[in-house]
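Please report on the structure shown here.

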Amino acid sequence: MRSPAEASTTAMGRSSDWLNQADYRLATTPEEKDEIYRLRYRAYLREGAVRPSTEQRVVDSYEDAPNAWTFGVYFNGELYSSIRISVLTSEWRMSPSVELFGDVLHPELDKGRIFIDSTRFVADPDKARNFPELPYVTVRLGSMAGVYFNADYGLAIVRPEHQAFYRRVFLQETWCEPRLYPGLVKPVGLMAAHLPTVREPVLARYPFLRSTAFERRMLFERPGQPQSSPDPAASYERASIVPSS
């Protein structure tokens, strides 16, 4: 897959056009999940991030965690990319980022902070070559989750060569230097952004990251989900359509 940092300014301007064609699907069936696990393997292998495996799948213990949403991004019925969104709270601490950087994150979770942890971002190596907009269309899911769950911070565990993309697009800062995650060949660092601070500057520069309350609810609503407070934008939208007396 092309490095996210290599996506062009022209591609960013066209991302809103691609959103009209993108189909975000939550992976629920064994077949959908297996296709994503195989996509991860192909993408990681192409990047040299994992060693060859006879299983040809990348799976971990967080796939079915109650605080995790694994999405496939489809165009014309074909899987192009995938990302997993984990919501971290004081009660819900299951994610690769907590496993690797627990010394940094547990104290913040103890304070009641809410994190959106975006991991397992991969794209089809062949399709991504001619689709520079794909990283933006995919990571938009993390942006939507930040609003829906009223999160304090957005997280990403990122290889050093990809960190420029997250600094530029999401104004994230490095919280911890790279460490080696089990199963990966290359180390990843922890990056984070305070969402209430960066949201408006990011949306002003990348308006295609905006979403509606309906879209967020359709993607993330789940019985018993770890949502400590309602989507603030949804509350505003509901209030705005109440007729005045």
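Buried means under 20% relative accessible area, exposed over 50%, and partly exposed in between, with a 1.4 Å probe and protein chains only. R120 forms a salt bridge with D60, and the closest N and O atoms are 3.0 Å apart. D60 lies in the loop between α2 and β2 and R120 in strand β4, so the pair ties together parts that are 60 residues apart in sequence. D60 also counts as buried, at 16% relative accessibility.

A salt bridge here is a side-chain nitrogen of Lys or Arg within 4 Å of a carboxyl oxygen of Asp or Glu. Helices (H or I, at least four residues) and strands (E, at least two) are DSSP runs, numbered from the N terminus.

## Basis of the model

Residues are numbered from 1 along each chain as its sequence is written, and side-chain values use heavy atoms, with hydrogens and water left out. The model is predicted: local features need pLDDT of at least 70, side-chain atom pairs count only at pLDDT 80 or more, and totals for chains, interfaces and linings use all residues.

## Other salt bridges

Side chains of opposite charge can pair when their charged atoms come close. The whole structure has 21 salt bridges. One of them joins D64 to K33, with 2.9 Å between the closest N and O atoms. D64 lies in the loop between α2 and β2 (68-75) and K33 in helix α2, so this pair ties together parts 31 residues apart in sequence. D64 is exposed, with a relative accessible area of 59%, while K33 counts as partly exposed at 22% relative accessibility.

E63 and R40 meet through their side chains in another salt bridge (2.5 Å, N to O). This pair links distant parts of the chain, with E63 in the loop between α2 and β2 and R40 in helix α2, 23 residues apart. Both E63 and R40 are buried. A network of salt bridges links R40, D60, E63, R84 and R120.

## Largest cavity

Rolling a probe the size of a water molecule over the atoms shows where empty space is left. A cavity is a set of points, on a 1 Å grid over the protein atoms alone, where a 1.4 Å probe fits but cannot get out; lining residues have an atom within 4 Å of a point. Grid points are joined across faces, edges and corners, and a volume is the space filled by probe spheres set on the points. The count comes to three cavities of 30 Å³ or more.

The largest cavity holds about 410 Å³ of space. Its lining has 23 residues, and Y44, R120, F121, I157 and V188 lie nearest its centre. The elements that give two or more residues to this lining are α2 (30-47), β4 (115-123) and β5 (153-158). β4 supplies the largest share, five residues. By class, the lining has 17 nonpolar, three polar and three charged residues. Ala, Val, Leu, Ile, Met, Phe, Trp, Tyr, Cys and Pro count as nonpolar, Asp, Glu, Lys and Arg as charged, and the others, Gly among them, as polar.

## Second largest cavity

The second largest cavity has a volume of about 280 Å³. It is lined by 19 residues, and the closest to its centre are G142, S143, G154, F170 and L195. Two or more lining residues come from each of β4, α5 (134-148), β5, α6 (163-170) and α7 (195-205). The largest share, five residues, is from α7. This lining divides into 12 nonpolar, six polar and one charged residue.

## Helix α6

The buried residues of α6 are Q163, F165, Y166, V169 and F170. They cover an arc of only 155° around the axis, which puts them on the same side of α6. The arc is that of the directions from the helix axis to the C-beta atoms. Their cover includes β4, α5, β5, β6 (173-179), β7 (188-194) and α7. Just after α6, L171 takes a positive phi of about 55°.

## S95 and the whole chain

S95 is found in the loop between β3 (78-88) and α3 (96-110). S95 is buried, with a relative accessible area of 1%. Leaving aside neighbours within four places in sequence, S95 is in contact (heavy atoms within 4.5 Å) with Y62, S86, L88 and D117.

The chain has nine helices and seven strands. Of its 245 residues, 52% count as buried. Among contacts in the chain with a separation of 6 or more, residues 24 or more positions apart account for 74%.

How values were computed. On a 1 Å grid over the protein atoms alone, a cavity is a set of points where a 1.4 Å probe fits but cannot get out, and a pocket is an open set with protein on both sides within 12 Å along at least five of seven lines; lining residues have an atom within 4 Å of a point.
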